[in-house]
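Reader: Can you walk me through this one? Keep it quick.

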Amino acid sequence: MKLSKKGLQLKLKGGLMKIMLRLILIFVFILSLSGLSYATNGMNMISYGGQEAGMAGASLGVSNNPVAMNNNPAGLTAIQNADLILGLSLLMPDLKHRDYISPFGPNNKEGEDRVFPLPILAYASRVGNSSLILGVGVFAQGGMGADFKGLNTAFGTADRTYTNVRYAKITPSIAYEITKNFSVGVAFNVGYSDVEMEFFPNTFFPGAEGVPSFAGMDLENEYAFGYGAKIGLMYKLSDVISIGSVYTTRSELDYDNGEIEFYGPDPIGGRYDASMEGFAWPASWGIGIGITPNSKTLIAADITWVNWNDALDTVTIKNASNVPGMDSIDFRMDWKDQIVIAIGGAYDVTENLTVRVGYNYGENPVPDETLSPLFPAITEHHITFGFGYKISKNMRIDGAWEHAFNNTVTYYNQEAPFGPNAIEEHSQNTAHLFVSYTF
């Protein structure tokens, strides 16, 4: 039975709705898998997608698959029928902390070794023979965290610091091909984030002359929803050069429904309802260019400004404690805006095999005066290698390996009990594998 054009459009839309419902379930599943989330451009991953990962995230001027909804949604117009992408990234961070303040000797601790899976699923379809493309995806956007056990504290105890900030989102998207060379696209971000934090949770210090009291804390079950959009443009200057531009709005995250527990005697110690404010996912703006000097070669470059300064200033944890000074706890962060540069290239070795390479740089956004083992998101330089292999007419796989070089920062955070000349180190490896299918 042959469907009419209208019938085909309704069928496509109905199928898209079913996929959206399934993606909502997968969205929750992603968060259950991801555990601690480490990112490398501040709290963001440097790339989203297998092809993009091999080129160190350079994609704004060359996006051409369903993952474009999280890179440059205007690139969805490259899809001719319908495409589905399923991928998994495995993050393997290496963290170290040193300080010299404990009376029991210096700390020289490595963070707990773990592998963290971050899945991605994206689907997009052209509506009939029109210039309109609809899509939806689920992305583990990023986060940050660290787990240091057995730290010798300034208060004479051995204790733990632990953070886990995760952010994932569903991205219903729409793109339109205005002319053969000019496209626009919008991805609507519906995000979910949760936070856990332990700061010497089994330590209490009553205070002494010139030294304030200290009660360890354990914060859990904080979560928030955030909303925003990613707006993209793409223009093909010629058969050789294409350019793209993307603006992502700020997503406010007001965490609630959490609980905080303070360690210590009455009335200091206790468990209270808690909320957290002053934390957001940042706005950003980027431009990119793609150059295809011949049929086998692609060169891409992006530059993106990330507005961390407006997103992470002072984070405040409010709770129901009746003890003065404990009902509102401030964590001054004062992150700096970040410029991220990504450069990548791809070369078709054969009709089926493509190899890729890339470099990504984003200056560490964490000021020395607010750094701590709670939020050591300090890596800057990254290199990537990748490949793509066409299995059949409709299916291909893309893989990549990403290395974030070790960055060592010596700092003195006078609001944290780690003393002068404390040190954080962070390096990271990430493996990416994606499967795509064209209908």
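Author: What follows is a short chat on fold, backbone and charges.

Author: This is a predicted model, where local features need pLDDT of at least 70, side-chain atom pairs count only at pLDDT 80 or more, and totals for chains, interfaces and linings use all residues. Residues are numbered from 1 along each chain as its sequence is written, and side-chain values use heavy atoms, with hydrogens and water left out.

Reader: How many helices and strands in the protein chain?

Author: There are 3 helices and 20 strands. These are DSSP runs numbered from the N terminus: helices are H or I of at least four residues, strands are E of at least two.

Reader: What share of the residues is buried?

Author: Buried residues are 54% of the 439 in the protein chain. Buried means under 20% relative accessible area, exposed over 50%, partly exposed in between (1.4 Å probe, protein chains only).

Reader: Switching to backbone. Where is the cis peptide bond?

Author: Between D266 and P267, with omega about 0°. P267 sits in the loop between β10 (251-262) and β11 (270-281).

Reader: What about phi at A56?

Author: A56 has a positive phi of about 60°, though it is not a glycine. Most residues other than glycine have a negative phi.

Reader: A56, buried or exposed?

Author: A56 is buried, at 0% relative accessible area. Its place is the loop between α2 (50-54) and β1 (82-99).

Reader: And N221?

Author: N221 also has a positive phi, about 65°, and is not a glycine. N221 is in strand β8 (residues 214-236) and is partly exposed at 43%.

Reader: Now charges. How many salt bridges?

Author: The structure holds 15. The criterion is a side-chain nitrogen of Lys or Arg within 4 Å of a carboxyl oxygen of Asp or Glu.

Reader: Which strands do R271 and E220 lie in?

Author: Their side chains meet in a salt bridge at 2.2 Å, N to O. R271 is in β11 and E220 in β8, so the pair ties together parts 51 residues apart in sequence. R271 is partly exposed at 38%, and E220 is partly exposed at 23%.

Reader: Which residues are in the network?

Author: E220, E259, E261 and R271 are linked by salt bridges.

Reader: What about D147 and R160?

Author: They form a salt bridge too, 2.9 Å from N to O. D147 is in β4 (residues 132-152) and R160 in β5 (residues 158-170), so the pair ties together parts 13 residues apart in sequence. Both residues are buried.
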